Amino acid sequence: MNKKRLVACLLTASILVSSAWNVCAVGPDTAAAGQVISYSALPYPTYVYNPTTLELPFGEALPEQFPTEVTAVMNDGSIGTVTVGKWTAIREFNAAEEGIYVYGANVVPVEGKYQVLEDSLTPNENPTDPSEQRTDYTYDVYYRIGYFKTGSSYNAYARSMENLDRGVYAVKSDDGVFISWRILATEYGEDISFDVYRNGIKINSSPITDRTNFTDAKGKAGDVYVVAKIQNGLQYNSEAVAALENNYMSIPLQKPEPQPTKNGDLSSYTINDTGVGDVDGDGQYEIIVKWYPDNAFDSGKAVAPSSPTIFDIYEMDGTPLWRLNMGLEMPSGAHFNQFMLYDMDEDGKAELFIKTSDGTIAYKPNKAGKFDMTDESTIVSYVGDKSVVPGTNINANGHASPDSNEYVTVFNGQTGEIIDSIDYINVTGNYDDWGKAGDGGNRSARYNIAIGYLPKEAGSTETIPAVFFNRGYYAKTTIAAYTLRNGKLQLEWNFVALTGEDAADKGNHNVSTGDLDQDGFDEICIGNMAVDHDGSLLWVKNGKDGQDLGSHGDAIHLAAMNPNNPTQLYVFSPTEEYKVATVNQALSNAGTGLRYDGIWTSAKDVGRAVAANITPLPGYEYWGQANNSGVYNILSGMVNPSRAGLPANWVLYWDGDLLSELGDGVEKESCDFGVYKYNWESGAVDTIDVLDGKTNNSTKNNPSLTADILGDWREEVVLRNEDDTELRIYMTTTETDYMIYTLMHDPVYRNCVANQNSAYNQPPHIGFYLGEDNKEQVLSMNLPIANIVYTTESKEVGKSIGTLDYAGILALKKQQALDTLKGFFS
């Protein structure tokens, strides 16, 4: 029996539909005229699901029997199983060659259970898929076999990571004060314990060894907490933190004054995306803020020039470090100005990498600590040719002309000084080369950015961080890989697929990076195509040799989703170009592109889709906005035939279990952010929290950022306030029984956080399997750990057990008294 489509919570199939009607006929079995006779009409399938793909390791034998039953939707809407006949080879298995092998079969009727009506089945793969192989796909269902050699070096080679501090936060909760802190990957599973101090007094009765959170029933807002690690007979104290009244940390910002377009039209500013990186090497994250002008535009809706995008970098207490004005040669919008805040040269301090043009200017605060872009004495860096009048190379519709000078620049993340700036390799050239003729620059102005780790030298197992900069994905597609070596930007390789080539037009509005093929280095997946760590094509959904025909899409989710294959990453993505794509949404092996599961239900642009572990069943679930899409599990198949009410936007870890929560705006756009829980028993979606900051990007309702910035392994949500004068970092106050190392030390997750805000924002995922089904592995602290090395030495100082730094506690208490006094006289 096909286990994929059987889950206990499903409605059972094989329902007989009874119907009655009047008959008037002659013959031995005919009733008298006008007599009513009841008949039992057998149901029939209207849609059948393909069985999930068999991932067969190279060298293993083909199973003797293929699936005999598949899941079906019956004409009355019920879900059941139907029998399939003989499987016929479309691409016959060859044990000597790697590849994708495909077999087809037709549904056969079963007497007394169901019938099969001619032309009653809706195709489960796109019948208008224009690939040449589609002429052989004339069956009701298809069974695919992926037969590939697999790597054995998943995340095996050492890669650099930030040496973070304890990241303690304390927040008033309904039960007192909730205190949370992080454990590093290199501490995970070691013989350590923790003590918690309130106002200098230890408050836990016994050492804390199995979690990194604690609720102080007697605590109150304003109390000062220290978390102490006990290891090898010494105590290592965290920085003192004061308990917050609200469940968020407020970061005051300096909203830019309205700025002009090239035509002199002023525009005000709104907080948009943010990111984090340790720019000063102190083990604490700083935050970068992207400011959007109100006249920013989508590349496909350009009608007039915009004001410039502006970036700020702040300490977490709101101390301004520097500001970057992208200038009037750079349009503003979701598809421009992709940024990467990351430690490229592995000195323990994050740099800012970004595409620039003439007149991109960095500023430091003035003596009063304020940004003033009218004060030329605060200019730190000026990019490009000062003789170019700002806006000269901006067209009337707002796009940059092919005459614009294009650079990539890396700035010191702490000061804004230019480290290096070089010509960008994939310049605009002819607009028409990038896709649709006469689009005025739209498709040439589509960018993505990501971080990944490459071999430091050819043939070496030593790694180096690289920025992948993608331009174009509707037709011509380019990806340039840059490293920072000895203070100089170096182009490692440049991938180019010209319009009409197989690898062109296969990209998304977002990208993901990770060790896709388990060789120890990172590859980049841009949707329906992936590029290897050496710049060669890894795979492409080109409609050949058993691969689907893929196209452009709007969402991407890369994670370790299969507990039976825990070191293999999978990628889930919907498709926009429904006229050509084989399926509306596909779950694929990220190392080969092999479709593991997917559906075709209608000719529709499927804009959103999500993969996350939201039920206790082993494996991830996935769903999208395709018509009639249900909720599916990677191992068990259909979980719910309907996705009604289930958000398809954001995922995060927020409550105390090992499942993901879902995030979305509580209204249509620019609103509070809701945290939701899928009820797998009822199929309902429960609201577990509402965060009263504001979301971004219109109906997409994205947070500015989600990441494991502070505290234990659960994630923080970064939102803006109503008037764009502060950022709020929202933190959970729910206890968890699980001790997991900071997610920022998982390579896939750290990449995802850095890549999160490229074009259409996507939530971060982890590169190891996590779910309720492996809770014993979590409780025994046996989760896999990547091979990471820190770029700085630990700043912890061991002291005798019970010894505290009272100066830090007193300093906070003194500041609290001063703040109270100021409030009294204000």
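Strands here are DSSP runs of E at least two residues long, and helices are runs of H or I of at least four, both numbered from the N terminus. What you are looking at is a predicted model, where local features need pLDDT of at least 70 and side-chain atom pairs count only at pLDDT 80 or more, while totals for chains, interfaces and linings use all residues. Residues are numbered from 1 along each chain as its sequence is written, and side-chain values use heavy atoms, with hydrogens and water left out.

With that in hand, go to Gln 518, which sits in the loop between β37 and β38. Its phi is near 60°, a positive value in a residue other than glycine. Most residues other than glycine have a negative phi. Gln 518 is also buried, at 6% relative accessible area (buried means under 20%, exposed over 50% and partly exposed in between, using a 1.4 Å probe and protein chains only).

Four bridges hold β37 to β38 (residues 523-527), and Ser 512 has Cys 525 in β38 as its bridge partner.

Now for another residue with a positive phi: Asn 697, also near 60° and not a glycine. Look for Asn 697 in the loop between β52 (685-691) and β53 (705-707). At 22% relative accessibility, Asn 697 is partly exposed.

The whole structure has nine cavities of 30 Å³ or more. A cavity is a set of points on a 1 Å grid over the protein atoms alone where a 1.4 Å probe fits but cannot get out, and lining residues have an atom within 4 Å of a point. Points are joined across faces, edges and corners, and a volume is the space filled by probe spheres set on them.

The largest cavity holds about 160 Å³. Of its 22 lining residues, Pro 331, Lys 355, Ala 400, Tyr 447 and Arg 471 are the closest to the centre. β28 (351-356) and β34 (463-471) each give at least two residues to that lining.

The second largest cavity has about 130 Å³. Its lining counts 19 residues, with Asn 528, Lys 541, Ser 573, Val 583 and Ala 586 closest to the centre. Here β42 (570-574) and β43 (585-589) each supply at least two lining residues.

How values were computed
Pairing = 2+ DSSP bridges. 1 Å grid on protein atoms, 1.4 Å probe; cavity = no way out; pocket = protein on both sides within 12 Å on 5 of 7 lines; lining within 4 Å.
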